[in-house]
Amino acid sequence: MSTSSSQVVLEGRGVGRLFGTGPLAVRALHPTDIQVRRGEVLVIMGPSGSGKTTLLSLLGLVLSPTEGEVMLDGRTVSGGSPDALALLRRERVGFVFQQFNLMPGLSALDNVALPLLLRGTSARERAARARVALARVGLSDREAAKPRLLSGGQQQRVAIARALVTDAPVILCDEPTASLDGVTGKAVLNTLKDLATDLGRAVVVVTHDDRVLAIADRLVEVVDGHVHERASPSAREVHG
Ligand SMILES: Nc1ncnc2c1ncn2[C@@H]1O[C@H](COP(=O)(O)OP(=O)(O)O)[C@@H](O)[C@H]1O
Ligand SMILES: [Mg+2]
């Protein structure tokens with residue numbers, strides 16, 4: 001096995017999605033091959049309605065494919081029972097959304113620890129791991145703050161910490177900077193880049209924000225449900 005194929009953690013093979021049946025069916029994604037590797041930032045761009053969220057949802061085992069299969073850690077996992085898919089999502093995949101989806105009544109620390117609670121981790125270990133994750137996104141000094149007391153960029157970094165606290169090897173982000181201004185968007189992008197570079201996570205970012213290209217190791221474009229791999233932009237930290 002070559003080095004690059006052994007690094008593949010998540011893969012779609014001929015994966016596609018049709019919504020509905022008959023003449024009213026909507027083709028959201030044509031069957032496509034896509035690989036996501038450890039330690040890389042894969043950026044998925046394309047206009048609104050082109051199929052980006054559908055592709056991300058298929059890769060994240062949120063949506064089942066109507067064609068093809070999704071492989072995680074080298075095993076076919078699409079087609080599993082709802083319980084099996086829920087377990088895989090919880091253990092192997094972290095999600096970051098445009099709207100940060102934090103629990104308003106919980107502190108930053110407790111928001112980050114939530115996936116561990118669902119998993120049955122002890123309170124002491126939950127707090128310890130949530131602290132490490134918050135430190136990783138540069139928010140050690142905001143542990144006790146409720147989301148409403150945090151800026152948008154800080155809230156998104158809490159959401160990123162929540163996505164990485166389980167040690168999930170894959171972090172899937174849907175428009176993570178769309179609600180953020182330029183400066184805070186850049187801080188969030190640099191945080192995502194660090195997850196790939198320093199922690200070896202596979203980071204997938206769906207966006208129509210050109211600034212995200214700055215952290216891309218690989219770029220695919222989705223146009224009318226067709227996925228095209230583009231030449232790799234040279235990834236770098238975001239400055240200015
Ligand atoms: N649950 C659904 N039911 C029917 N059509 C859908 C559904 N989800 C997405 N679509 C359609 O699939 C296409 C791709 O949508 P989406 O993946 O959300 O695009 P993007 O994220 O690029 O804006 C669109 O035409 C959209 O209307
Ligand atoms: Mg979308």
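User: What covers the buried residues of helix α4?

Analyst: The cover includes α5 (123-136) and α6 (152-164), with contact meaning heavy atoms within 4.5 Å. This is a predicted model, where local features need pLDDT of at least 70, side-chain atom pairs count only at pLDDT 80 or more, and totals for chains, interfaces and linings use all residues. Residues are numbered from 1 along each chain as its sequence is written, and side-chain values use heavy atoms, without hydrogens and water.

User: Which residues of α4 are called buried, and what makes them so?

Analyst: In α4 (residues 108-119), they are A108, L109, N111, V112, A113, P115 and L116. Buried means under 20% relative accessible area (1.4 Å probe, protein chains only), so these residues fall under that cut-off.

User: What makes a set of residues a nonpolar core?

Analyst: The members are buried Ala, Val, Leu, Ile, Met, Phe, Trp, Tyr and Cys residues joined through side-chain atoms within 4.5 Å. Here the largest such core has 39 residues, and L134, L192 and V203 have the most contacts inside it. Its largest share, six residues, comes from α6.

User: How do you know that T53 makes a polar contact with ligand 1?

Analyst: A polar contact is a pair of N or O atoms within 3.5 Å. A polar side-chain atom of T53 lies 2.8 Å from an oxygen atom of ligand 1, so the pair qualifies. For G49, a backbone N or O atom lies 2.6 Å from a ligand 1 oxygen, and for G51 a polar backbone atom is 3.1 Å from one.

Key: Chains lettered and ligands numbered in written order. Buried < 20%, exposed > 50% of the residue type's maximum accessible area, 1.4 Å probe, protein only. Helix = DSSP H or I, 4+ residues; strand = E, 2+ residues; numbered from the N terminus. Polar contact = N/O pair within 3.5 Å; in protein donor to acceptor, adjacent residues only side chain to side chain.
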